[in-house]
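Subject: Structure handover

Hello,

My notes on what I found follow it.

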Amino acid sequence: MQPFWSAFEAATGLDATARFYEAFHFDDNERSANALALLVLEGTKRATAGLLWAFEAESKALPAPGQLSVVTDWDGLPLCIIETRLVEVVPYDEVSEAFAWIEGEGDRTLRSWRENHWAYFGRECERLRKALDVRMPVVCEQFEAIYPLAGTSR
């Protein structure tokens, strides 16, 4: 991970360590994690959503605008760096059609978003021993992939 981060800092001229939030992969399975990472690299996926309850259970601060994260594949290979742009906590049933579109998953409709996330949040709720509910708090994070830039190599 460190060589990737160092290459990012060298390419951008930034000392960005103070802005580092986390290195992570999407989802809870290899196939989906790798597919979602590719959507970020393509520029289709510019948002992600998680349960507030998961952050609370792990005593983890929410991401904040300006923070940087490394998106990896399932095996931990760094693929890109994203910068958080906006974070909102909204009830599941109030996630917007616009957010579903920029999250870039499935056919990008709110209906697809709700179906896919209901299944994922159901697994999360089971793990957290919480009841799946349409009013559960969802952390909606919007981001921009900033490294590598499109058309550059890692």
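The model is predicted, so local features need pLDDT of at least 70 and side-chain atom pairs count only at pLDDT 80 or more, while totals for chains, interfaces and linings use all residues. Residues are numbered from 1 along each chain as its sequence is written, and side-chain values use heavy atoms, without hydrogens and water.

Backbone first. Most residues other than glycine have a negative phi, and most peptide bonds are trans. Here are the exceptions I noted.

- Asp27 sits in the loop between strand 1 (20-24) and helix 2 (30-42). Its relative accessibility is 23%, so Asp27 counts as partly exposed. The cut-offs: buried is under 20% relative accessible area, exposed is over 50%, partly exposed is in between (1.4 Å probe, protein chains only).
- Ser59 has phi near 50 degrees, again positive. Ser59 belongs to the loop between helix 3 (52-57) and strand 3 (68-72). Ser59 is exposed, at a relative accessible area of 70%.
- Tyr147 and Pro148 are joined by a cis peptide bond, with omega about -10 degrees. Pro148 lies in the segment after strand 5 (137-147).

Next, helix 5. Buried residues of helix 5 include Trp113, His117, Tyr120, Phe121 and Glu124. Among the elements covering the buried residues of helix 5 are strand 2 (47-51), helix 3, helix 4 (97-103) and strand 5. Contact here means heavy atoms within 4.5 Å.

How enclosed is strand 2 by the rest of the structure? Largely, because five of its five residues are buried. Ala47, Ala49 and Leu51 point one way, and Thr48 and Gly50 the other. Strand 2 runs antiparallel to strand 5, with five bridges between them. Strands pair if DSSP finds at least two bridges between them. Ala49 stands opposite Cys140 of strand 5.

Ser69 is in strand 3. At 2% relative accessibility, Ser69 is buried. Its C-alpha is 5.3 Å from that of Tyr21, 48 residues apart along the chain. Beyond neighbours within four places in sequence, Ser69 is in contact with Tyr21, Glu22, Phe24, Cys80, Ile81 and Ile82.

Last, the largest pocket. A pocket is an open set of points on a 1 Å grid over the protein atoms alone, where a 1.4 Å probe fits, with protein on both sides within 12 Å along at least five of seven lines; lining residues have an atom within 4 Å of a point. The largest pocket holds about 760 Å³ of space. Its lining has 34 residues, with Phe26, Asp27, Thr48, Ala49 and Tyr120 nearest the centre. Helix 5 gives the most to this lining, with seven residues. The lining divides into 14 nonpolar, eight polar and 12 charged residues. Nonpolar means Ala, Val, Leu, Ile, Met, Phe, Trp, Tyr, Cys and Pro; charged means Asp, Glu, Lys and Arg; the others, Gly among them, are polar.

Best wishes

Notes: Helix = DSSP H or I, 4+ residues; strand = E, 2+ residues; numbered from the N terminus. Points joined across faces, edges and corners; volume = space filled by probe spheres on them.
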